[in-house]
Amino acid sequence: MIGPMLAEAVQALSSNRLRTFLTTLGMVIGVAAVIIMLAVGSGAQKSVQDSIASMGSNLFIVLAGSASTSGVRLGGGNASTLTMGDAEAITELGSVNAVAPQVSGNAQVVYGSYNWGTQVFGTTDDYLVVREWPMDAGAMFGDSDVRSAGRVAVLGQTVAGQLFGSEDAVGKTIRINGSPYLVTGVLARKGQSLDGRDQDDTVLVPVTAAQRKLFGSRFQGTLRMIMVQSVSEAAMPQTELEINSLLNERHGIRAGQDPDFNVRNLTAVAETAASTARVMSLLLGAIASISLVVGGIGIMNIMLVSVTERTREIGIRVAIGAQPRDVLLQFLLESILLALLGGTVGVLIGVGGTLIVERFADVPVLISSTAIVLAFAVSASVGVFFGWYPARKAARLEPIEALRYH
Amino acid sequence: MSGAALIRVEGLSKDYVTAAGAFPALRGVDLEIREGEFVAIMGPSGSGKSTFMNLLGCLDSPTRGRYWLGDRDVAGLPNEELARVRNRHLGFVFQGFNLLQRASVVDNVALPLVYAGVPRAERQARARVLLERVGLERYADSLPSRISGGQQQRVAIARALVNRPRVVLADEPTGNLDSHTTEEVMSLFSELNREEGITLVLVTHEPDVAEYAKRVIRFHDGVVVEDRQQQLRTAQRAGAVA
């Protein structure tokens, strides 16, 4: 029974091509919109997740507190309250995996006739543990370099590229703010950070060298911040408590007094960004789904017109023995076919559109097969859902009334 | 030629509910039509003849009364069963031909077989046999709009016959035809009745058309007012055409 009905449905749709095309257009736009929106949404989500992964996991940063000079309060990180002693004490905490002290500043780096302005971080070899950052070439400087404030440097990919091009940087000497530093290694590529900064545009030097030789501070041995990696995600609340009580004790802060430092959970910040991306992706999908519904209503509208136009035909069929369910099935098949046709063309245009967006708008996209299967399934169910009412109306026509219809 | 009772109605009545109250369109009709009969039903507009045909065709259910088709009581069957009876036991020919305009002639003839669940090859074969019977096999693959009104009505007759019904019901089958094609269609009817013993019931208000029938039943105000056999002219005219 389905065979001849399918043939008739195809015939009915192809006998009025312009109408079929216009009816399908709604579905085409809906499905294409859903696919493009989901691809853009998942692309954004993926790039956020990549950035989070590149940041390192289970991270805290301890910032020096806000300074206050004659009533003028400055932002966090300006006071010189954190010391290497603090960083070493935090290392001793049970729930802490690794600690990287950090001093930073901008500097001009020079090699031969090339120069490049970049951000220089003074830190220890644990920085690479905390940031989960592998080496590309050479080696990280070690404890002895930190103790002796050795003039050694590790370059990010961007800096290495700017200064050396395709030349091997390891073993060469560069100048940072005029002083010579031996390049011991080059970091692996890391990509963009959450806020869009190029993480590879950086130079690492021993924290002691930065403190004493590069950015000479008012108080020797102070740090701008300390990065702390907890042993696990579950241990993070405990780590936070331990850091707070340790530093309160070391800095002599009494209960009720404002602390001169600041502990921030970076992973929580990252998760907020991730969930924002997720919500955005959902929102885009939801907006696009509205056009699917509108497309479905278009199909229902045309099917209702079609049932009215073909009242007499329905009368003939019923008179010569079509069961009500045969009529129902025939019209339902037509609307499903319309919706699937729209779905197929919509998927093609959606995938094509996504590739165009990726190519010309430079937006990260991710086409998932789930989205395509979903778009198909939804368009078929839109066909059933919005085809049901017109089909039922056709199936319920009284044969005598239908035959009398002109 | 006439055999056992094929159609038997007793006290068949139909009331239509209108704004002005119930209107009795048919008021207790008793009739018997035997196998192989050729019956013309006549009467003015509003006499109840169309209502009677709709009831015979199982397109409508009577308000009161009984209707046996063969030995089966079909009054008051549910819609699905009525559709099955129409498909298997009845053939319809309408005034306006009522062919599907988008389907080819042979597909139109085969349509009842689709709903009977007959496989495609057999549908096509049976439809072509019937088209040959009505002399239109060369138009099998044309669309109905490409052939004349008389030819279209012959296609409709082929469609009515394709599922080997027990009776063919024709409602004003020549109402849209000129006198020449009327004769063409009516000759085919009497030929089918005479040579193949097909039972025919047709509604008409044209005396010329009624003359082809062997029996004339006249309705007035919802009751049968005349029921007579006629022999002579039918045989003559049918003989002349054949």
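This is a predicted model: local features need pLDDT of at least 70, side-chain atom pairs count only at pLDDT 80 or more; totals for chains, interfaces and linings use all residues.
Which residues line the largest cavity?

Residues are numbered from 1 along each chain as its sequence is written, chains are lettered from A and ligands numbered from 1 in the order written, and side-chain values use heavy atoms, with hydrogens and water left out.

Okay, cavities. On a 1 Å grid over the protein atoms alone, a cavity is a set of points where a 1.4 Å probe fits but cannot get out, and lining residues have an atom within 4 Å of a point. The structure has 3 of them at 30 Å³ or more.

The largest holds about 70 Å³, with volume being the space filled by probe spheres set on the grid points, joined across faces, edges and corners. Back to my question: the lining is A:I320 plus B:R86, B:N87, B:L90, B:G91, B:F92, B:P112, B:R159, B:A160 and B:N163. β6(B) gives the largest share, 3 residues; strands here are DSSP runs of E, at least two residues, and helices are runs of H or I, at least four, numbered from the N terminus.

The second largest cavity has about 50 Å³, and residues around it include B:L12, B:C58, B:D60 and B:Y67.

Last, chain A. UniProt, in an unreviewed entry, puts "transmembrane region" at 21-41, 282-307, 328-357 and 363-389; such annotations may be inferred rather than shown by experiment. In our model, residues 282-307 of chain A are 100% helix, with end C-alpha atoms 37 Å apart.

Methods:
On a 1 Å grid over the protein atoms alone, a cavity is a set of points where a 1.4 Å probe fits but cannot get out, and a pocket is an open set with protein on both sides within 12 Å along at least five of seven lines; lining residues have an atom within 4 Å of a point.
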